[in-house]
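Good morning. Please look at the sequence and the structure on the screen, and I shall then take you through a few parts of the fold.

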Amino acid sequence: MSLHPSLQSYADAWTHSVEAISELVTPLVEGEWNRATPCPGWSVRDIVSHVIGNDCEMLGDPRPIHTLPRDLYHVQTEAQRYQEVQVDVRRHHTAPEMVSELEYTVIRRARQLRNESRDPGATVRGPRGVEETLEHSMRRRAFDIWVHEQDLRWALGRPGNLDSPGAYVTRDMLLEALPKTVAKDAGAPPNCAVVFDVHGPVEFLRTVRVDADGRGTVDGAPSLGPAATLALDWETYVRLACGRVTPDQVADRVKTEGDTDLAAAILASLRVTP
């Protein structure tokens, strides 16, 4: 293998999720491709289009020349408009066309990964023309595709893979966002600690500590007197952090202790995806 060892886990996570997506959608009849998903405005077809489009861009394919309709209520930002082009251009594709393009894109992308010999720190062109490292690009791709695999599973009533390789990439990326979520977005007071107790297929206990200057850090050491503790299952944590549900929708699945106002502010700020 020519792929750098530090990138292998991201390639494995992508492969596992994209193969799961292919298995999920290949047997679907035409009407099932129109099922709504947790992503506002996106159907099963739309998510698969997004997966195809993102990997085509990772391959360096030119973006489609396509004008978006004006009545897409869920498209509000430039980032959303950018993503929507790859989705809308495929909205009238049939089920066989979608499956065929997905399979072909997966074959091409897998070949690219097998032949990838660049250093993890090499600069590559990311979404919207933003330059980023190869490692960051592959990590973000593994995160994105696992979350969309879960979107499809929720839409199709086929739960699973909550502890697959992509789940652990997702866990690590979400944990990195916690200090900012607690200290800045939720406005936790200086010199306090907040504990996250997540159980289920992926488990972790983490403490976010806010120092005297209001800066947050996260570690695995327990806190004897946290300002707030939030206990919830892994699936609920993912859905909140990825903006698939609101705190009110999953209130019965979240247990909080301590400062209830702070806990509510943290839950309201937990979303990290655009």
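This is a predicted model: local features need pLDDT of at least 70, side-chain atom pairs count only at pLDDT 80 or more; totals for chains, interfaces and linings use all residues.

I begin with the largest cavity, which is lined by Tyr10, Ala11, Trp14, Arg109, Leu113, Met138, Arg141 and Ala142. A cavity here is a set of points on a 1 Å grid over the protein atoms alone where a 1.4 Å probe fits but cannot get out, and lining residues have an atom within 4 Å of a point. Helices α1 (5–25), α4 (95–114) and α5 are the elements that give two or more residues to this lining. The volume is about 30 Å³, taken as the space filled by probe spheres set on the points, with grid points joined across faces, edges and corners.

Residues are numbered from 1 along each chain as its sequence is written, and side-chain values use heavy atoms, with hydrogens and water left out.

Let us turn to the sheet. In which order do the strands of the open sheet stand? The order is β5-β4-β3-β6-β7, with mixed pairing. Strands are DSSP runs of E of at least two residues, helices are runs of H or I of at least four, and both are numbered from the N terminus. Two strands pair if DSSP finds at least two bridges between them. At the edges are β5 (216–219) and β7 (254–258), each pairing on one side only.

Strand β3 (residues 192–199) runs parallel to β6 (residues 228–233), joined by 6 bridges, and His199 stands opposite Asp233. With β4, by contrast, β3 pairs in the antiparallel sense over 7 bridges. These two strands form a hairpin with 4 residues between them, and Gly200 in its turn has a positive phi of about 120 degrees.

Phe196 stands opposite Arg206 in β4. Contact means heavy atoms within 4.5 Å, and among the residues that Phe196 touches are Leu178, Val182, Tyr237 and Ile266.

Finally, the largest nonpolar core has 74 residues, and Phe196 is one of those with the most contacts inside it. Such a core is a set of buried Ala, Val, Leu, Ile, Met, Phe, Trp, Tyr and Cys residues joined through side-chain atoms within 4.5 Å; buried means under 20% relative accessible area, with a 1.4 Å probe and protein chains only.

Definitions and conventions. Buried means under 20% relative accessible area, exposed over 50%, partly exposed in between (1.4 Å probe, protein chains only). On a 1 Å grid over the protein atoms alone, a cavity is a set of points where a 1.4 Å probe fits but cannot get out, and a pocket is an open set with protein on both sides within 12 Å along at least five of seven lines; lining residues have an atom within 4 Å of a point. Lists of a residue's contacts leave out its neighbours within four places in sequence.
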